[in-house]
Amino acid sequence: MDLKEKIFILFLIVAITFPFFFSKKEINIQKEIKLPNIVIKKANFKSYNKILEKNGNFETLNYFNQNNYTTTNLKVNFLTKKSKLYAKKMEYNLVYNFFNATYINKDYTYKSKYAIYNDKNKTLTAYNFTFFNKNIDGKGEKMVYKNDILTAYNIVYNIKGLK
């Protein structure tokens with residue numbers, strides 16, 4: 001083999017392997033999915049504080065730890081307050097996040113696509129809510145309920161029976 005043949009073979013090897021050195025490599029980065037520690041399906045619950053305060057049920061509970069759990073199709077009867085809560089989904093991670101929630105008390109029925117309840121400062125905040133009873137109905141952009149004081153923002157309401 002002469003020098004020209006060796007150079008040709010070397011060139012051929014480099015030409016064949018060249019694309020492998022500069023090709024883009026695909027890297028798959030997968031997020032870690034944390035599975036719940038406990039999954040409970042179709043259950044009833046009761047909460048006591050010397051007396052029965054609330055009871056209810058849910059479709060599914062995914063329990064990750066005491067500060068992180070979710071439920072679906074939650075129904076709660078607050079017996080001492082004589083009110084009810086329904087939520088399509090509830091997530092707890094130091095605050096309660098409710099999705100497609102309905103809250104019914106003796107005066108009104110409130111519905112919201114998204115609401116947050118902070119247990120530490122006892123504040124309920126609802127966004128894009130509607131409300132009604134037999135005399136009035138309306139809707140608003142934001143509602144904050146704290147210390148029995150209700151504050152609503154950008155509210156529109158209709159009093160039934162007025163013309």
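Trainee: Which element of the protein has the lowest confidence, and which the highest?
Mentor: The model is predicted, and the mean pLDDT of the protein is 84, with 83% of its residues at 70 or more. Where pLDDT is low, the predicted coordinates should not be read in detail. Confidence is lowest in helix H1 (residues 3-22), where the mean is 67, and highest, at 94, in strand E5 (residues 96-104).

Trainee: How many bridges join strand E1 to strand E2, and how many residues lie between them in the hairpin?
Mentor: Strand E1 (residues 38-49) and strand E2 (residues 51-65) run antiparallel. One of the pairings sets Tyr 48 against Leu 52 in E2. In the turn of this hairpin, Lys 50 has a positive phi of about 70°. The strands are joined by 11 bridges, and the hairpin has 1 residue between them.

Trainee: Through how many residues does a hairpin join E2 to E3?
Mentor: E2 also runs antiparallel to strand E3 (residues 68-78), to which 9 bridges join it. Within this pairing, Tyr 63 stands opposite Tyr 69 in E3. The hairpin joins E2 to E3 through 2 residues.

Trainee: Is Val 76 buried or exposed?
Mentor: Val 76 belongs to strand E3. Beyond its neighbours within four places in sequence, Val 76 is in contact with residues including Phe 45, Lys 54, Asn 55 and Leu 85. Because its relative accessibility is 7%, under the 20% limit, Val 76 counts as buried.

Trainee: How far apart in space are Val 76 and Phe 45, C-alpha to C-alpha?
Mentor: Phe 45 is one of the residues that Val 76 contacts outside its sequence neighbourhood. In sequence the two are 31 residues apart. In space, their C-alpha separation is 9.0 Å.

Trainee: Which residues does Thr 71 touch, not counting those up to four places away in sequence?
Mentor: Thr 71 is likewise placed in strand E3. Its relative accessible area is 4%, so Thr 71 is buried. With residues up to four places away in sequence set aside, the residues touched by Thr 71 are Phe 58, Thr 60, Leu 61, Lys 88, Lys 89 and Met 90.

Trainee: Which residue forms a salt bridge with Lys 89?
Mentor: The model has a count of 2 salt bridges. Lys 89, which Thr 71 touches, is partly exposed because its relative accessible area is 35%. In its salt bridge, the closest N and O atoms are 3.1 Å apart. The partner, partly exposed at 26% relative accessibility, is Glu 91.

Trainee: What is the N to O distance in the salt bridge between Lys 122 and Asp 119?
Mentor: Lys 122 is partly exposed, with a relative accessible area of 44%. Asp 119 also counts as partly exposed, at 35% relative accessibility. Their side chains meet in a salt bridge with an N to O distance of 3.1 Å.

Trainee: Where does Ile 155 lie, and which residues make a nonpolar surface patch with it?
Mentor: Ile 155 lies in the loop between strand E9 (149-153) and strand E10 (156-159). Its relative accessibility is 37%, so Ile 155 counts as partly exposed. The patch has an area of about 280 Å², and the residues that make it with Ile 155 are Tyr 157 and Ile 159.

Notes: Residues are numbered from 1 along each chain as its sequence is written. This is a predicted model: local features need pLDDT of at least 70, side-chain atom pairs count only at pLDDT 80 or more; totals for chains, interfaces and linings use all residues. Side-chain values use heavy atoms; hydrogens and water are left out. Patches are made of residues with over 30% relative accessible area and no salt bridge: like charges are joined within 9 Å, nonpolar side chains (Val, Leu, Ile, Met, Phe, Trp, Tyr) within 5 Å. Accessible areas come from the Shrake-Rupley method with a 1.4 Å probe; for residues, only the protein chains shown count as cover. A salt bridge is a side-chain nitrogen of Lys or Arg within 4 Å of a carboxyl oxygen of Asp or Glu. Helices (H or I, at least four residues) and strands (E, at least two) are DSSP runs, numbered from the N terminus. Buried means under 20% relative accessible area, exposed over 50%, partly exposed in between (1.4 Å probe, protein chains only). Two strands pair if DSSP finds at least two bridges between them. pLDDT is the predictor's confidence in each residue, from 0 to 100. Contact means heavy atoms within 4.5 Å.
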